[in-house]
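Subject: Structure for your review

Dear colleague,

Please find below the structure that I am handing over to you. I would be grateful if you could look through it alongside the notes in this message.

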Amino acid sequence: MRKGYQGTGPGAITPDGCAVELYTRLPVGAEPDIIAAAVPAGARILELGCGVGRMTHPLLERGFTVTAVDESAEMTDHIRGARAVCSPIERLDLGETFDVVLLASFLVHAGDAEVRRGLLRTCLRHLAPGGMVLIQREGEDYHTDVPRERVDPAGFTVRITADEPIGDGVHQVRCEYVFPDAEWTQTFLSRPMTRRQFEDALAEVGLEVDAYLTEDRIWVRALPAKPE
Ligand SMILES: C[S@@+](CC[C@H](N)C(=O)[O-])C[C@H]1O[C@@H](n2cnc3c(N)ncnc32)[C@H](O)[C@@H]1O
């Protein structure tokens with residue numbers, strides 16, 4: 001387990017505290033439609049941090065070709081119909097490029113800024129000419145609207161129970177997922193970033209925002225920065 005990260009509950013837990021069985025149960029939301037609307041039809045997508053394929057499988061159904069990457073083999077074992085690669089994202093070098101690189105699930109907020117740089121450099125390294133990076137970042141009240149709770153129509157409750165600054169701009173966040181027959185918790189580190197800080201983090205590695213895709217600015221399309 002990574003320092004500052006923890007997971008509890010039944011089954012395998014990834015180094016960042018995610019429970020594999022939990023992710024097999026979580027329904028997908030609007031993510032595949034947001035992605036499909038932002039990229040060319042039939043694009044070749046490199047999905048970073050794919051988990052069990054919650055987004056991968058709906059993207060395949062929409063006609064995309066997906067290479068799905070996760071550092072947990074217990075997660076990638078659940079991927080069907082896509083090429084699955086088990087690797088830390090920071091060290092990934094497939095020697096090929098893609099029309100779209102997807103960095104979702106708030107991974108860009110990695111507690112360790114050097115890890116964040118590694119993640120974003122991997123995005124850039126795998127981008128074909130004319131390609132685009134899609135990033136899912138935290139919403140503006142992610143760290144302030146705490147505690148909060150959402151009851152999902154699928155019959156479970158998600159709670160963010162704590163969010164503590166622990167120094168150097170990093171927060172430790174604790175969430176819990178309560179199902180009628182099982183319960184999981186995840187504790188993880190997140191580095192909140194204002195819009196300006198996020199754009200600076202992209203610039204650091206040679207990326208820039210092309211468009212904010214949703215009104216809440218959570219979904220972003222980024223491109224290689226144009227030379228000055
Ligand atoms: C919160 S889960 C989300 C999974 C999937 N994107 C989804 O929405 O269902 C984050 C996933 O990213 C993976 N992950 C986190 N950091 C990673 C890293 N540095 N390299 C590779 N995989 C990573 C974890 O193993 C986990 O499966």
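This is a predicted model: local features need pLDDT of at least 70, side-chain atom pairs count only at pLDDT 80 or more; totals for chains, interfaces and linings use all residues.

Strand E12 (residues 219-224) pairs with strand E6 (residues 127-136) in the antiparallel sense, over 4 bridges. Within this pairing, Val133 stands opposite Ala222 in E12, and Leu134 stands opposite Arg221 in E12. E12 is also joined by 5 bridges to strand E11 (residues 207-212), and these two strands run antiparallel. Here Tyr212 is placed opposite Val220 in E12. E11 and E12 form a hairpin with 6 residues between them, and in the turn Arg217 has a positive phi of about 60°.

The five-stranded sheet

A further open sheet consists of 5 strands in the order E1-E10-E9-E8-E7, and its pairing is antiparallel. Its edge strands are strand E1 (6-8) and strand E7 (148-152), each of which pairs on one side only. Neighbouring strands of this sheet are turned by 15° against each other on average, again with direction ignored.

Within this sheet, strand E9 (residues 170-178) and strand E10 (residues 183-190) run antiparallel and are joined by 8 bridges. Tyr177 stands opposite Trp184 in E10.

Helix H5

Helix H5 (residues 113-125) has 13 residues, and the distance from its first C-alpha to its last is 18 Å, close to the 18 Å expected at 1.5 Å a residue. Arg116, Leu119, Leu120, Thr122 and Cys123 are buried in H5. Seen down the axis of H5, its buried residues fall within an arc of 150°, so they line one face of the helix. An α-helix has 3.6 residues a turn, so residues three or four places apart point the same way.

The ligand

Which residues come nearest to the ligand? Of the 19 residues around the ligand, these are Thr14, Gly49, Gly51, Arg54 and Glu71. By class, the shell around the ligand comprises 9 nonpolar, 5 polar and 5 charged residues.

With kind regards

Technical notes:
Residues are numbered from 1 along each chain as its sequence is written. Two strands pair if DSSP finds at least two bridges between them. Axes are lines fitted to C-alpha atoms, for helices over the stretch in contact, and angles run from 0 to 180 degrees between N-to-C directions. A residue is near a molecule or strand if its C-beta atom, placed from the backbone, lies within 6 Å of it. Ala, Val, Leu, Ile, Met, Phe, Trp, Tyr, Cys and Pro count as nonpolar, Asp, Glu, Lys and Arg as charged, and the others, Gly among them, as polar. The expected span of a helix is 1.5 Å times one less than its number of residues. A residue is buried if 20 or more other C-beta atoms lie within 10 Å of its own, exposed if 12 or fewer, and partly exposed in between; C-beta atoms are placed from the backbone. The arc is that of the directions from the helix axis to the C-beta atoms.
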